[in-house]
Amino acid sequence: EFEVTPWPTHGDAMPEVKVAILGAGNLGTTLAIVLAGGAPGIRAGRSRKVVLWTIEPDVDREIREQRLNTKYLPGVPLAKSIGVTTDLAEALAGAAVIVVTVPSKVVRDVARQVGQALSAVAAGAGADPALPVMVSASKGLEAETCLRMTEVILSELPRSFGGRVLAMSGPSIAHELSRGTPTAIVLACRDAHLARAVRRDLQTPTLRLQISRDVAGVELGGVLKNAYALVFGLCDGLGLGLNTKAALLARALPELARLGVALGGRRATFYGLAGLGDLVGTGLSGHSRNRRMGEELARRRTADEALASIPGVVEGIGSVRLARDLAARHRLRLPLLEGIAAAVEQAGDPLKMITRLIG
């Protein structure tokens with residue numbers, strides 16, 4: 001199911017590849033730094049032309065003039081080799097790999113724009129393997145359809161791009177990865193040959209990629225862990241320690257796997273990097289927005305008040321509500337998920353819920 005290979009020693013001899021990163025937020029900026037080798041202690045491993053696309057003029061201007069993105073990744077300099085633009089066509093021109101890092105709620109709109117921009121290329125090239133591939137690093141389900149992000153992207157692209165959309169997910173805290181901390185995540189595609197080719201384009205000595213054919217499981221792991229990560233923040237807000245968190249982790253993982261399997265993933269996937277690994281990283285990191293959201297909820301702030309105090313997107317709020325609804329559709333009783341949803345809606349005492357569930 002999973003495939004790992006050593007880092008090739010001939011990486012520097014490989015030809016340059018252009019990578020367009022759509023979204024200059026926390027994750028997008030971090031990936032640009034890692035792929036370009038744009039920070040002290042980070043080696044790119046091969047020659048890449050990396051371009052960030054953003055719709056925010058202030059972010060574009062600060063990166064161009066100061067080589068910083070203080071709005072989303074403060075304190076981390078960006079190398080001069082990292083390009084930035086607000087022009088989508090400019091970002092896509094000549095790109096071999098397009099990485100989508102925008103929030104899940106805008107993925108369809110961005111995918112539609114990409115599809116329109118690439119439709120002329122697709123019409124002229126047909127099934128030409130030189131067409132770019134898209135990699136979704138956005139974590140979420142579309143609220144109206146419950147589609148995963150690769151499904152949303154595929155629905156907006158020309159037919160010739162079928163099968164050329166991959167998923168990327170796993171424990172990748174931007175604060176650590178952008179500073180050169182060794183990180184391993186999962187690259188999922190039903191076509192293992194294509195996945196290996198994309199891995200050659202994206203893998204670095206710092207960022208390692210495992211290959212999986214379970215696209216649904218990898219994406220669902222990234223969605224569901226955001227929902228369950230809230231409970232670890234509740235523990236922090238209530239002053240509870242690692243004993244409690246460990247007990248909750250042992251309860252959260254089987255629940256997450258049950259729901260993930262019901263939605264089409266493979267059980268083993270949720271006990272690997274894309275499930276357990278991502279849940280630990282998101283639930284225990286002091287830099288996690290989802291964990292911090294739980295901390296704010298424990299202080300009896302409403303979800304809207306808590307969201308207003310946290311910069312960036314908190315996917316866990318939408319994920320927990322969707323996950324609860326999907327569990328009900330599949331007639332699954334998931335007590336921890338239900339308790340987290342009640343805490344989000346201020347319909348119960350978080351401490352009583354946690355004490356009851358670890359018993």
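This is a predicted model: local features need pLDDT of at least 70, side-chain atom pairs count only at pLDDT 80 or more; totals for chains, interfaces and linings use all residues.
Guide: Residues are numbered from 1 along each chain as its sequence is written, and side-chain values use heavy atoms, without hydrogens and water.

Visitor: Why are helix 8 and helix 14 called roughly perpendicular?

Guide: They pack at about 100°, with axes 8 Å apart. Axes are lines fitted to C-alpha atoms, for helices over the stretch in contact, and angles run from 0 to 180 degrees between N-to-C directions. The class roughly perpendicular covers 65 to 115 degrees; under 35 is roughly parallel, over 145 roughly antiparallel, the rest oblique. Therefore helix 8 is roughly perpendicular to helix 14.

Visitor: What makes helix 8 oblique to helix 12?

Guide: Helix 8 (residues 215-237) and helix 12 (residues 289-298) pack at about 50°. That angle makes helix 8 oblique to helix 12. Their axes are 6 Å apart.

Visitor: What is the handedness of the crossing of helix 8 and helix 12?

Guide: Helix 8 passes helix 12 in a right-handed crossing. A crossing is right-handed if the near helix is turned clockwise from the far one by less than a right angle, left-handed if anticlockwise.

Visitor: Which residues of helix 9 and helix 16 meet?

Guide: Thr244, Ala247, Leu248 and Arg251 in helix 9 meet Ile354, Leu357 and Ile358 in helix 16. Contact means heavy atoms within 4.5 Å. By class, this contact of helix 9 with helix 16 has five nonpolar, one polar and one charged residues. Ala, Val, Leu, Ile, Met, Phe, Trp, Tyr, Cys and Pro count as nonpolar, Asp, Glu, Lys and Arg as charged, and the others, Gly among them, as polar. The axes come within 10 Å and cross at roughly 65°. Helix 9 and helix 16 are therefore roughly perpendicular.

Visitor: How much space lies in the second largest pocket?

Guide: About 420 Å³. Among its 21 lining residues, Ser104, Lys105, Leu141, Glu315 and Gly318 are the closest to the centre. A pocket is an open set of points on a 1 Å grid where a 1.4 Å probe fits, with protein on both sides within 12 Å along at least five of seven lines; lining residues have an atom within 4 Å of a point.

Visitor: Which helix gives the largest share of that lining?

Guide: Helix 14, with six residues.

Methods:
Grid points are joined across faces, edges and corners, and a volume is the space filled by probe spheres set on the points. Helices (H or I, at least four residues) and strands (E, at least two) are DSSP runs, numbered from the N terminus.
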